[in-house]
Amino acid sequence: MYCKNCGRQLKEGMRFCDRCGQSVRKNKESSQAIRRREIEELKAERLNRKKRLAEKEKKQAMSKKRKKKKNNPFMFFMIIVLIAIASILIGYNIFPDNDTINLPADSSGGTIQTPIPATASSSSNLKSGYSEITVANITCPYPSAFHSNTTSGNEKLNLTDSLGGASMIVSQEAKSGEPKDLMKEYIIQIGASDDSETRAGSEYYYVTAEANGTMYHRKCIVRNGLAVYYDFNYDVTSSTSSKYKDYISYIDSNFN
């Protein structure tokens, strides 16, 4: 042990420093005070360390939150961009240009063109209750009251009458050949009888035939390797069959 006052080494059992007279008890009390102070300092250091760690974690959490907030506008922007792209694609499918692309001749020697997109419109020359669609410069009127369905494949228009159950489809195919031969293919396709009402010209054909309780009607125009046609089908027992015949008569007259 050393004297806290003058630094002299003290012998065991001494009550006072033999150099400066400092009390040994006071030296012991000072040692205890120093120890307590060191302990308090250690405690304070631990508390400060915990406080700094908590503040660091809080800052990290706030930083992540700010980054997340910054990312939200970006995600919103990306969603807007995707919606815009989807709208453009949908618009292109519905209202694209009318350009055609010539392809190599098919096996029959005719020139086949890629299908020309359809455009829907309404004309003042139409009879009341009708709208029209133009496919490859061929105009086809259709009943406005019919329900429009999703098209697929070669279809340009897909309609159904929810009241009488009739359906009408306007389609376009890259196809060449004589109209009368194409007409025979269609009759075989629907499984109609030989006494079907048919007619074929140099650029068109039409068929009205019954098969398995369904009345089938198609008019098709074939030009430059493109076949544009509409199919109108309905149940022969339908109570609105007379109205459907009127529809077919008007559409045939203006399908050109």
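A salt bridge is a side-chain nitrogen of Lys or Arg within 4 Å of a carboxyl oxygen of Asp or Glu. By this rule, the count is seven salt bridges. The model is predicted: local features need pLDDT of at least 70, side-chain atom pairs count only at pLDDT 80 or more, and totals for chains, interfaces and linings use all residues. Residues are numbered from 1 along each chain as its sequence is written, and side-chain values use heavy atoms, with hydrogens and water left out.

**First selection: E45, R49 and R52**

Select E45, R49 and R52, which are linked in a network of salt bridges. Begin with E45 and R49, whose closest N and O atoms are 4.0 Å apart in a salt bridge. Both residues lie in helix α1 (residues 24-94), four residues apart, about one turn of the helix; helices (H or I, at least four residues) and strands (E, at least two) are DSSP runs, numbered from the N terminus. Next, display E45 with R52: their side chains meet in a salt bridge at 3.5 Å, N to O.

Then colour the selection by relative accessible area, where buried means under 20%, exposed over 50%, and partly exposed in between (1.4 Å probe, protein chains only). E45 is partly exposed at 34%, R49 is partly exposed at 47%, and R52 is partly exposed at 47%.

Move to R218 and D231, a salt bridge whose closest N and O atoms are 2.6 Å apart. This pair links distant parts of the chain, with R218 in strand β11 (residues 214-223) and D231 in strand β12 (residues 226-235), 13 residues apart. Both R218 and D231 are buried.
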